[in-house]
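Subject: Structure handover

Hi,

Here is the structure I promised to pass on to you. Please have a look at it first, and then read my notes below.

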Amino acid sequence: MTNISTRTRARRTAGGKRDTDRRGRRRGLLARSAYGVYVALLALLFLLLVVRLAGLDAGTLLAVPVILFPYAAVLSVLTLATPLAVPSLRSRWPLLVAGLLTTAYVVLLVPRFVPHKEPHIPPVAPELRVATLNTHVGQGDAHALVELVKSERIDVLAVQELPSAGITALAEAGLGKVLPHQELHPENDSSLYSRLPLTHGGPLKAATAWPQTAAQVRVGGRTVQLVAVHTYYPLGDADRWTRDMTALTTVARDSGPDTVFLGDFNASTDHAPMRDLLASGGLKDTHAELGKGWPRTWPANKSLLPPLLHLDHVLHGSGLAGISVAERTVPGTDHRAVIARLALLP
């Protein structure tokens, strides 16, 4: 009986040791897997940072991940914080890399949340209220858009993806009574409505996939050049999209300080072609100028998915300054409208 009990205890001890060994091996495997995933994530963040800094997205499908740069910045902060909670990830070199990546991302991202130091805007400075909306092939609610124009006292409205049927719907909703001056080009995919008289209107002389509609308005005795923008999209043809942005850059370079480009650029301020347009054309993105550096305008009107990306912009030359900028949802379209108040500087 004693021998049986001894053998039973021995078997139990051996079985317990095997269980402990299996649990140890399982924990070791999980730790190594977690470490591998962590290092792979750092590598992806590093590659995206290189693409962003070197402008490698121009003309390539790398433009698609670059638009997620703000989310990657948040992820970089998490990679720095995660090892504090997971001991198995505490290793000198990965932590050093995570720290450097986080620093680089923060340095690139934070300035867009800091309002630019602008020249003094006199209280009597003339103002121009502009708005832009991609109507999703005319599916945007016409009555809601007219009410938005009225409530925001819009002077100039740029619309994209507005076919003839959409123009008719807006006319029936009464937009012509509010914005009677119009430069409509449904065949070219962008149009302009204005409370102020439009002059020198027509398709922009630029080699873009779809002709951009342009016109001029007089504000406070000065002429402001307007361009309703709708570029090609990177996922469809990254090279075509880059050529569109390059063509707009050429136009902006020669347009002077009293210029407004507004519309659906299919680009964020992290894309190299957009940065070239801003720098070479002497333009400012109104959101970044006012410290609202992470707006999201697409996709809109999705029940389970909030807007994620900043595709729609109001850019202006040095003769103007942003007073305010906001986004508004119009039922029926997959983009949010962008509304900006601009002052003409002395």
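The protein chain has 10 helices and 12 strands, where helices (H or I, at least four residues) and strands (E, at least two) are DSSP runs numbered from the N terminus. Please note that this is a predicted model, in which local features need pLDDT of at least 70 and side-chain atom pairs count only at pLDDT 80 or more, while totals for chains, interfaces and linings use all residues. Residues are numbered from 1 along each chain as its sequence is written, and side-chain values use heavy atoms, with hydrogens and water left out.

Of the 346 residues in the chain, 47% are buried (under 20% relative accessible area; exposed is over 50%, partly exposed in between, with a 1.4 Å probe and protein chains only). Taking contacts (heavy atoms within 4.5 Å) with a separation of 6 or more, 68% join residues 24 or more positions apart.

Now to helix 8. Helix 8 (residues 238-253) packs against helix 9 (residues 272-280) at an angle of about 5 degrees, with the axes 9 Å apart. Axes here are lines fitted to C-alpha atoms over the stretch in contact, and angles run from 0 to 180 degrees between N-to-C directions. The two helices are therefore roughly parallel (angles under 35 degrees). Residues of helix 8 in this packing include W241, M245 and L248, and those of helix 9 include P273, M274 and L277.

R240 also belongs to helix 8 and is buried, with a relative accessible area of 18%. Leaving aside residues up to four places away in sequence, R240 touches A207, T208, A209 and Y232.

Another salt bridge pairs R222 with D258 at 2.9 Å, N to O; R222 is in strand 7 and D258 in the loop between helix 8 and strand 8, 36 residues apart. D258 is buried at 13% relative accessible area, whereas R222 is partly exposed at 24%.

Finally, R52, R112 and D270 are linked in a network of salt bridges.

Best wishes

Terms used. Parallel < 35°, antiparallel > 145°, perpendicular 65-115°, else oblique. Salt bridge = Lys/Arg side-chain N within 4 Å of Asp/Glu carboxyl O.
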